Amino acid sequence: MAEMQSMSLRKRLSVQGLTHSYGGSNAINDISFTIEPGEVVALLGPSGCGKSTVLRAIAGLIQPKAGKIVLGDDDLASLSARARGIGMVFQNYALFPHLTVAENIAYPLACQQISRPARQKRVEEMLAMVRLGEFGNRLPRELSGGQQQRVAVARAIAGRPSLLLLDEPFGALDRALRFDLQVELLHLQKTLGITTLIVTHDQEEAQSLANRLVLMNKGHVEQIDTPMAVYDRPRSLFVNTFIGQANQLPATVLRFDNDTTLIGLADNTTLRLPRRLNFTPGSKVTLTCRPEEVRLLPQPGENSQKVTVTVSVPLGPVLLHELKLDCGSSLRASEVRRPGTAAPLPGTSLFADIDTTRCHAFPAEPQP
Ligand SMILES: Nc1ncnc2c1ncn2[C@@H]1O[C@H](COP(=O)(O)OP(=O)(O)OP(=O)(O)O)[C@@H](O)[C@H]1O
């Protein structure tokens with residue numbers, strides 16, 4: 001293991017101004033981010049936002065229209081896909097069906113013209129690492145989906161790449177297996193310290209695996225931050241609603257008093273935010289708060305709105321309440337279930353107390 005660690009070169013990846021189109025309009029536009037040596041970064045965003053295009057450009061599978069990709073000291077534009085020293089794992093396994101597990105893992109080593117005994121030793125190390133020591137002689141079709149994906153990971157890292165690219169690596173697997181493999185991959189990545197970029201549309205996968213997230217929308221970057229910062233301090237309404245759940249309330253900035261902002265809601269009630277927002281009075285905004293920041297009370301509180309319970313659903317450890325404000329807007333509240341927590345009956349009138357320290361306000365999006 002010590003030998004392997006010393007031989008895996010930790011390199012920094014820098015992507016600057018990456019732009020590409022497949023013909024018409026740009027699929028990705030001016031994408032810039034860096035991954036520090038040994039760091040795991042997740043590219044996250046809705047379907048079609050350009051995640052795989054970024055990955056393909058880094059891997060050398062497409063030639064971008066503009067931009068610079070540098071790995072360590074190498075400008076990748078001058079290197080073929082094969083010469084880039086990148087390990088890749090894609091969703092659909094893509095193991096060679098006619099080669100055994102051991103031969104699959106040995107394949108990139110043979111391409112690097114590594115001697116047969118060294119190859120064999122490395123394959124054994126890899127098989128042990130992904131806990132498939134007994135499976136070297138099997139064909140891919142004789143393995144389960146999760147095992148096949150572990151072989152794909154072993155094959156990707158066997159050649160000691162400086163960068164690991166994972167494109168929806170566990171997308172085809174069921175939830176429980178996906179979680180197990182994520183934990184395994186995290187352990188492997190920490191042991192080897194390979195700089196890693198994972199593409200996923202599964203935000204839980206991204207948050208559990210990555211040190212930082214690059215959030216993409218419609219071909220551009222919306223925010224780059226740690227998973228917690230993205231959740232707690234979203235820079236746009238898109239990020240706020242894409243990561244986790246967020247209630248959205250149409251509102252108007254009424255006035256500022258010292259360090260507070262008075263916000264008017266659609267039902268003519270008001271909320272006082274304990275900070276000055278960067279809007280002019282009269283601005284139309286979308287106010288957001290997460291369900292866990294809304295507390296249900298039997299009596300009105302300081303920042304509470306009258307609500308009617310539509311339905312309450314138990315989701316494992318929490319109870320999720322769907323509520324209606326008097327103005328017709330919907331609101332969700334969640335509370336941790338304790339022994340004796342009872343779900344209110346549909347139609348019950350209660351008061352929703354919003355934690356205004358945690359609310360965000362974004363410019364209202366123009367109505368279609
Ligand atoms: N080979 C191609 N030819 C033409 N257009 C393409 C091609 N590949 C991707 N696109 C378009 O480029 C845009 C970005 O696609 P891309 O596959 O990078 O998105 P993605 O975020 O990875 O999506 P998904 O999560 O669905 O895989 C999309 O609008 C897609 O339709």
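The model is predicted, so local features need pLDDT of at least 70, side-chain atom pairs count only at pLDDT 80 or more, and totals for chains, interfaces and linings use all residues. Residues are numbered from 1 along each chain as its sequence is written.

The chain is assigned domain 1 (2–240) and domain 2 (245–363), with bounds taken from an automatic or database domain assignment. Their C-alpha centres sit 40 Å apart. Four residues of domain 1 and five residues of domain 2 make up the contact, where two residues are in contact if their C-beta atoms, placed from the backbone, lie within 7 Å. On the domain 1 side, that contact has two nonpolar, two polar and no charged residues. Here Ala, Val, Leu, Ile, Met, Phe, Trp, Tyr, Cys and Pro count as nonpolar, Asp, Glu, Lys and Arg as charged, and the others, Gly among them, as polar.

Next comes the ligand. Around it are Tyr 22, Ala 27, Gly 45, Ser 47, Gly 48, Cys 49, Gly 50, Lys 51, Ser 52, Thr 53 and His 201 (a residue is near if its C-beta atom, placed from the backbone, lies within 6 Å). Helix H2 (residues 51–59) gives the largest share of this shell, three residues; helices are DSSP runs of H or I with at least four residues, numbered from the N terminus. Sorted by class, the shell has three nonpolar, seven polar and one charged residues.

Now for the helix pairs. The axes of H3 (residues 101–111) and H4 (residues 116–129) come within 9 Å and cross at roughly 130°, with axes being lines fitted to C-alpha atoms over the stretch in contact and angles running from 0 to 180 degrees between N-to-C directions. H3 and H4 are therefore oblique to each other: under 35 degrees counts as roughly parallel, over 145 as roughly antiparallel, 65 to 115 as roughly perpendicular and the rest as oblique. In H3, Ala 102, Ile 105, Ala 106, Leu 109 and Ala 110 meet Arg 119, Arg 122, Val 123, Met 126 and Leu 127 of H4. That contact counts eight nonpolar, no polar and two charged residues.

For H5 (residues 145–158) and H6 (residues 175–192), the axes come within 11 Å and cross at roughly 20°, so H5 and H6 are roughly parallel. Gly 146, Gln 149, Val 153 and Ile 157 of H5 meet Leu 177, Leu 181, Leu 185 and Leu 192 of H6. Six of these residues are nonpolar, two polar and none charged.

Technical notes. Helices (H or I, at least four residues) and strands (E, at least two) are DSSP runs, numbered from the N terminus.
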